[in-house]
Amino acid sequence: MLKGKRIGIPRAISYYNNYPFYYGFFSGLGFEVVVSDKTTSGLINKGSACVVSDTCLPIKVYVGHVINLLEKGCDTIFVPSLQSTGHKINNCSKVRGLPEIIRNVVNRSFNMIEPTLDKTEGLGLKSFCTDAANQLGIYDEDLISSAMKKGWQTYNNFLQMAKSGIPHQEAIKNAVSGRFSLKNMDVVKPLSVVIMGHGYNLFDERISMNILKKLEKMGVKVYTGLNVSKEDAISAIHNIGEIQYWANELDLTGAAAYYMQNRRVDGIIALTAFGCGPDSLMVDEIQYHARNKNIPMVVLTIDEHTGEAGFVTRLEAFIDMLSRRKKKLMSKTAHLKLLPEKTSEKKETKVLTRA
Ligand code: SF4
């Protein structure tokens with residue numbers, strides 16, 4: 001590691017999906033990686049104060065994290081422009097334009113590392129990483145390639161751990177410190193739900209009001225986009241007659257559609273940010289299909305004013321309803337199991353009468 005070389009990563013937006021790669025890559029280049037603190041109300045307020053009020057919560061939070069890094073004395077900050085993650089698979093305009101937003105709203109001078117990922121335009125991961133390294137003054141191609149390998153290794157370890165059911169933050173911690181362990185996902189619980197939501201909403205404990213822990217305490221098994229492979233999510237989207245357009249669609253439409261098929265869950269929770277255009281389209285699609293399949297769904301919308309009490313009340317009411325519904329369905333099924341004997345008696349009687 002180069003002495004004194006530090007790069008700051010805001011704990012927001014792409015951090016939640018990509019941090020293990022970012023960590024492996026920048027530490028492979030010889031940098032100390034500094035992450036902003038966990039999201040707090042104070043941090044959100046600092047971000048909100050810099051942007052117009054109708055900006056979505058995750059962007060306000062992102063701005064707050066950049067300010068937090070500056071306050072920690074970090075003056076080189078990674079703010080990537082993630083335009084498209086596949087051919088014509090796009091991020092929303094705010095994620096695409098993050099460097100521009102930060103340049104315009106954070107009124108302090110610092111060194112912004114802002115590589116572009118735009119697979120639609122042929123700017124893939126190699127060009128993204130080379131761009132980032134060049135902006136840091138590194139041109140050694142072998143070093144860049146080996147740092148990318150380290151990035152992939154850290155990322156793949158994280159993904160395997162998270163998919164096995166290890167909580168998101170713990171999987172990140174393990175991956176960056178070189179630890180590896182797996183968990184058994186096949187634990188049976190009385191109720192199960194899938195949450196469709198962006199990683200940056202779902203795994204940020206302050207933004208999500210700790211929804212994952214709350215559901216765990218209620219004895220509910222929770223699935224997220226992390227538990228579905230990319231291939232399964234894409235084919236689930238196709239199976240409901242849709243096509244993938246948004247970069248985060250696999251975590252939203254893909255995850256919900258996957259678990260909706262064959263009724264693998266008792267209910268669907270959509271966790272969305274107020275004022276988010278892509279979320280409203282994806283949630284509408286899933287609501288339509290969930291209605292057709294008679295699977296209960298609740299939409300929990302969050303912004304910086306969302307109160308925890310109201311949020312918890314809605315969540316508990318939904319889980320209560322799922323629980324009552326399941327008991328009713330189970331007692332009906334148990335009752336139906338007794339019916340075939342009666343039906344066959346009747347049939348037999350009819351046959352005898354005809355004879
Ligand atoms: S996808 Fe929605 S929530 Fe995410 S940054 Fe864009 S507008 Fe905000």
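The chain splits into domain 1 (6-176) and domain 2 (191-331), with bounds that come from an automatic or database domain assignment. Their centres, taken over C-alpha atoms, are 25 Å apart. This is a predicted model, where local features need pLDDT of at least 70, side-chain atom pairs count only at pLDDT 80 or more, and totals for chains, interfaces and linings use all residues. Residues are numbered from 1 along each chain as its sequence is written, and side-chain values use heavy atoms, with hydrogens and water left out.

**Between the domains**

- Domain 1 puts 26 residues into the contact and domain 2 puts in 25 residues; contact means heavy atoms within 4.5 Å.
- The ligand lies between the two domains, because domain 1 (6-176) and domain 2 (191-331) both give residues to the shell around it.

**Around the ligand**

- The shell is made of Cys-56, Pro-58, Ile-59, Cys-92, Lys-94, Val-95, His-198, Tyr-200, Ala-273 and Cys-276; to be near the ligand, a residue needs one of its heavy atoms within 4 Å of it.
- Helix H3 (57-71) and helix H4 (93-96) are the elements that give two or more residues to this shell. Helices (H or I, at least four residues) and strands (E, at least two) are DSSP runs, numbered from the N terminus.
- Sorted by class, the shell has 8 nonpolar, 1 polar and 1 charged residues. Here Ala, Val, Leu, Ile, Met, Phe, Trp, Tyr, Cys and Pro count as nonpolar, Asp, Glu, Lys and Arg as charged, and the others, Gly among them, as polar.

- Angles run from 0 to 180 degrees between N-to-C directions, and axes are lines fitted to C-alpha atoms, for helices over the stretch in contact.
- Strand E8 (residues 191-196) and strand E10 (residues 267-273) pair in the parallel sense over 4 bridges, and Met-196 has Ala-270 of E10 as its bridge partner.

**The 3-strand sheet**

- This open sheet has 3 strands in the order E5-E4-E7, and its pairing is mixed.
- Its edges are strand E5 (89-90) and strand E7 (116-118), each with a single partner strand, so one side of each is left without a neighbour in the sheet.
- Strand E4 (residues 81-86) and E7 run parallel, joined by 3 bridges; Ser-81 has Thr-116 in E7 as its bridge partner.

**Two packed helices**

- The axes of helix H1 (residues 15-28) and helix H8 (residues 168-176) come within 10 Å and cross at roughly 10°.
- Tyr-15, Tyr-16, Tyr-19, Pro-20 and Tyr-23 of H1 make the contact with His-168, Gln-169, Ile-172 and Val-176 of H8.
- By class, that contact has 7 nonpolar, 2 polar and no charged residues.

Terms used: Pairing = 2+ DSSP bridges.
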